Amino acid sequence: MRNKFAALLIFLIVLLPLCSYAEDDEDETPGIQVTSVSVSGNDHISTEYILNVVSTKPGSVLDREKITDDIAEIYGQGFFSFVDVDMIPEGGGMAVNFSVRENPVIESINFEGNTLFSTETLMKDVFSLPGTVFNRVFFRNDLDRVQEHYHKAGYVMVRVSDVQTSGGNIYVTILEPKVRDVIIQGNSKTRTYVIRREIKLKEGDIFNVTHFRHNLGKLNGLGYFEDVNVAFDVPENQDGIVDIILTVKEKRTASVGINLAYGSESGVSGGLTYNDTNTFGRGYNFEVGFNEGDEASYWTSFSSPYMDSKTFAWRIGATYRTYDDRYYYYKGRRQFEFDEESITFYAGFGKKFSNEDWSWYLTFRHQDTEYDDVQYAIPGYIDDLTMWDGVNQTAELLLTWDKRDPYVSYSKGFVWDTTLEQAVKVLGGEYDYLKYWTQARLYFPLNKAIEEVVDTTGTWTDDNPFLLAARVRIGSATEDSLPAFARYSLGGMNTLRGYNSRSFEGSNMYMGNFELRLPVSSMFSIVGFYDIGNADDNMDWDNYHDNYGVGLRVKTPFGTLRVDYAEGEEENRTYFGFGEMF
């Protein structure tokens, strides 16, 4: 018994140190060491490039979690379709070899389904080139740039729907959704075709959000609707088409306006106007009104303003005017007072050419004018006014080339128009002359030109830019002296600011208006302007009249309020009105 106990004690004395040594060995003894790291299977991608993302290094302790991460990192480089690892005992440690299978070398990249942009155009966004190893990460970025190319052009529904590879050939399928139908609902008065003609998208067109937003802006600008909502519907299992659903909420389009005005020459005047911009729900514009005062007028008009290459615009109307104690100016100098009475009937029609940047409009006009009660004439002055009253019959042809950008909210680009006015002695006409004039208007945003000099952030945006606006007009006639009512006339808030209305008249004319329009906020703008020109029978091009000044533009629910202060050659004048000068 005593021998058994002694044997057990000796066993415990020997075992305890061994157990302690075993625990210390588990905690402190280093693991298997990595003796080397290599790559196999790579023909085109360098070993150094591959190992650059590997955290397992020679001399480090072998860590299976790191090995797994290294495999993911190599695969994430995008050049390989397969990555594995082999671990081979070597010199008391372990040699690590990453085995890779490279993607094929690109032979060709082919786009299918692209109709808006050619393959050559899309390839400019693709950095992957034939002759290089296909990299799925790089190519995914290439496809993102291709889609961005479409989206920047407004084709936001276009996407890459499929990518297939066959050896070194890559086939990319582009899906360009087409419009199947435009569904209009909610209109009870307005004819559907009146709404539909403003939405230029038709069946088979590829949807463009920039163009569509502009169409909606024109539709809202008609003033027929309180609200226009848009929805899109993609029929099930038909990714290539889209239906557009417009829901409109109509409002009253008839209105009665009260006019009250004061002019330094015309005195106080006022009147009423009735207007319906959507008569019969067909988009016709009917207006009738009157103003009473020293300058009185009564008018009515009926028109269809919409035109395109298939639709005629037209208008008919009549105006009766009386002007008591009107001042007559000659070369800017007041000569006498007189009374004027005139009645005018007109009718016109026109449409756009097949190239809808161009349009024409022909107007026939009958005007009967009388001048009398001349007072305070300068002694010895030869009266060239009253001899010109009578009936005038004219045909006026207007040709317009409009290259303004239709997809921005402000005028950008240029408009050129030319007008021919022929007076004929038919149906009671008493005059025979030809007037002709041409005019160009330019609207040029200056944001990019000054953005490096002035911080325009938040003030001069792409939708509300710092703008240069210019208008140049020149005209002449076949007769040296035209009837007073037919002469070119300059002076007043819409031609030469800083001068009386009709200060300069004649059978020849030139004029230039130049404005810098500086937005202060989304609601206010400041305008600096300069006007120059002259009108005379015998034009002296060196004898011009000019003015300069500053103006304020305020956006109101009734339109843009215009206030201009101009300094002319002899006096300063302030003008109030609505809308830009041009």
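Begin by selecting Phe82, which stands opposite Arg101 in S3. The model is a predicted one, in which local features need pLDDT of at least 70 and side-chain atom pairs count only at pLDDT 80 or more, while totals for chains, interfaces and linings use all residues. Residues are numbered from 1 along each chain as its sequence is written, and side-chain values use heavy atoms, with hydrogens and water left out.

Strands (E, at least two residues) and helices (H or I, at least four) are DSSP runs numbered from the N terminus, and two strands pair if DSSP finds at least two bridges between them. The open sheet has 3 strands in the order S1-S3-S2, with mixed pairing. Its edge strands, each pairing on one side only, are strand S1 (34–40) and strand S2 (80–90). From one strand to the next, the twist averages 15 degrees. Contact means heavy atoms within 4.5 Å; axes are lines fitted to C-alpha atoms, for helices over the stretch in contact, and angles run from 0 to 180 degrees between N-to-C directions.

**The S7-S9-S8 sheet**

Move to the open sheet of 3 strands with the order S7-S9-S8 and mixed pairing. Strand S7 (178–185) and strand S8 (225–233) are its edge strands, and the twist averages 20 degrees from one strand to the next. S7 and strand S9 (residues 241–250) run parallel, joined by 7 bridges. Select Lys178 to find its bridge partner in S9, Ile241. Helix H7 (residues 209–221) packs on the sheet, touching S8 and S9, with its direction at about 155 degrees to that of S8.

**Aromatic rings**

Now display the aromatic side chains: the whole structure holds 28 aromatic pairs. Rings of Phe, Tyr and Trp (its six-membered ring) pair if their centres lie within 6.5 Å; planes under 30 degrees apart count as stacked, over 60 as edge-to-face and the rest as tilted. Select Trp437 and Tyr488, whose ring centres are 5.9 Å apart with planes at 85 degrees, so the pair is edge-to-face. Trp437 belongs to strand S19 (residues 433–445) and Tyr488 to strand S21 (residues 488–490), 51 residues apart.

Finally, select Arg497, which lies over the face of Phe529, 3.8 Å from the ring centre. A charge sits over a ring if NZ of Lys or CZ of Arg is within 6 Å of the ring centre and within 35 degrees of the ring normal.
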